[in-house]
Amino acid sequence: MGIGDICLQSKLLCRTMDDTRTLLDIKECPDPEIQKNRVLTLEEWQEKWVDHKISFHQEQGHQLLKKHLDSFLKGESGLRVFFPLCGKAVEMKWFADRGHSVVGVEISELGIREFFKEQDLSYSEEPVMEIPGAKVFKSSTGSITLYCCSLFDLPRANIGKFDRIWDRGALVAVNPSDHKRYADIMLSLMGKGCHYLLCVLSYDPTKYAGPPFYIPDSEIKSLFGSLCNIHCLEKVDAFEERHKSWGIDSIVEKLYLFTEK
């Protein structure tokens, strides 16, 4: 049996309780570094926005976050919430509307401007003195602050610590060779008692090179396990018709919660 045959096997199990839930038993790819040399430049990501190739954007927001939102927030108020590689995620307004302070980072200025326009929010913009060429966009209410720059430049802006991090479409978009750098920045932004929600994808990486990139459990433990407790909250079948063009026939989304040890 070849690596492509054994890389990902999904077995669907159904059980009925008060409702029906789907549990997916996933076998990981035996070669977790199969995509390690795959690289997309920041310019290529910007071009995706210009060409409107942003199928990763979810106009209705992320359903797993919506489902777990109350438990994620734990009834607390005035939280600082970080959105890495935020794009124009509608969830940013969800948090702001609940009285929380949102900070995001996105390389595409177009994506940031579209967010404010689509959410009908007035905003200001100014340069980020610590990062040449970078800008920061702030909603007129002050509840949403979005940095337009590379995430790897962001620490120079000294944005402080966060109570919550919502990472959907970020780690899976970062080039595999940069995952350790990325995780180190995320860990440095976690304040005391921080809750970090992460969505990753499991599929057969021998059939599709990414992005989004395949993130196995072993890599999550390697990147975050030394400082965080790791809980897998849910696994769902995320396969859509568009994924057929990737050459795959199954894809599973996994939601993790990290808390400080």
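Q: How far is the sulfur of Cys232 from the closest cysteine sulfur, and which residue holds that sulfur?
A: Let's start with the general idea: a disulfide is a covalent bond between the sulfur atoms of two cysteines. The model here is a predicted one. In this model, the closest cysteine sulfur to that of Cys232 belongs to Cys199, and at 9.8 Å it is too far for a bond. Cys232 itself is partly exposed, with 38% relative accessibility.

Q: Is Cys149 buried or exposed?
A: Cys149 is buried, because its relative accessible area is 7% and the cut-off for buried is under 20%.

Q: Which residues of helix α6 are buried?
A: Look along residues 179-189 and pick out His179, Tyr182, Ala183, Ile185, Met186, Leu187 and Leu189. Now see what covers these buried residues: the cover includes strands β3 (80-83), β8 (162-168), β9 (190-202) and β10 (228-237), together with helix α7 (217-224).

Q: How many residues does the largest nonpolar core have?
A: There are 37 residues in the largest nonpolar core, and Phe82, Tyr147, Ile159, Met186, Tyr196 and Phe224 have the most contacts inside it. Two or more residues come from each of β4 (101-106), β8, α6, β9, α7 and β11 (252-260). Helix α6 gives the most to this core, with six residues.

Q: What does Tyr147 touch, if I leave out residues up to four places away in sequence?
A: Quite a list! Tyr147 touches Val103, Gly104, Val105, Glu106, Ile112, Val128, Lys135, Val136, Leu154, Ala157 and Ile159. There is also a second, separate core of 28 residues, with Ala89, Val102, Phe137 and Leu197 among them.

Q: What is the phi of His52?
A: His52 has a positive phi of about 60°, although it is not a glycine. You will find His52 in the loop between α2 (42-50) and α3 (63-73), and at 54% relative accessibility it counts as exposed.

Q: Where does Asn158 lie, and between which strands?
A: Asn158 is in the loop between β7 (144-148) and β8. Its phi is positive too, about 50°, and Asn158 is not a glycine. With 67% relative accessibility, Asn158 counts as exposed.

Q: How many residues apart along the chain are Leu42 and Ser150?
A: They are 108 residues apart in the chain, yet their C-alpha atoms are separated by 7.8 Å. Leaving aside neighbours within four places in sequence, Leu42 is in contact with Ile107 and Ser150. Leu42 lies in helix α2, and at 37% relative accessibility it counts as partly exposed.

Key:
Residues are numbered from 1 along each chain as its sequence is written. This is a predicted model: local features need pLDDT of at least 70, side-chain atom pairs count only at pLDDT 80 or more; totals for chains, interfaces and linings use all residues. Side-chain values use heavy atoms; hydrogens and water are left out. Buried means under 20% relative accessible area, exposed over 50%, partly exposed in between (1.4 Å probe, protein chains only). Helices (H or I, at least four residues) and strands (E, at least two) are DSSP runs, numbered from the N terminus. Contact means heavy atoms within 4.5 Å. A nonpolar core is a set of buried Ala, Val, Leu, Ile, Met, Phe, Trp, Tyr and Cys residues joined through side-chain atoms within 4.5 Å. A disulfide is a pair of cysteine sulfur atoms within 2.5 Å.
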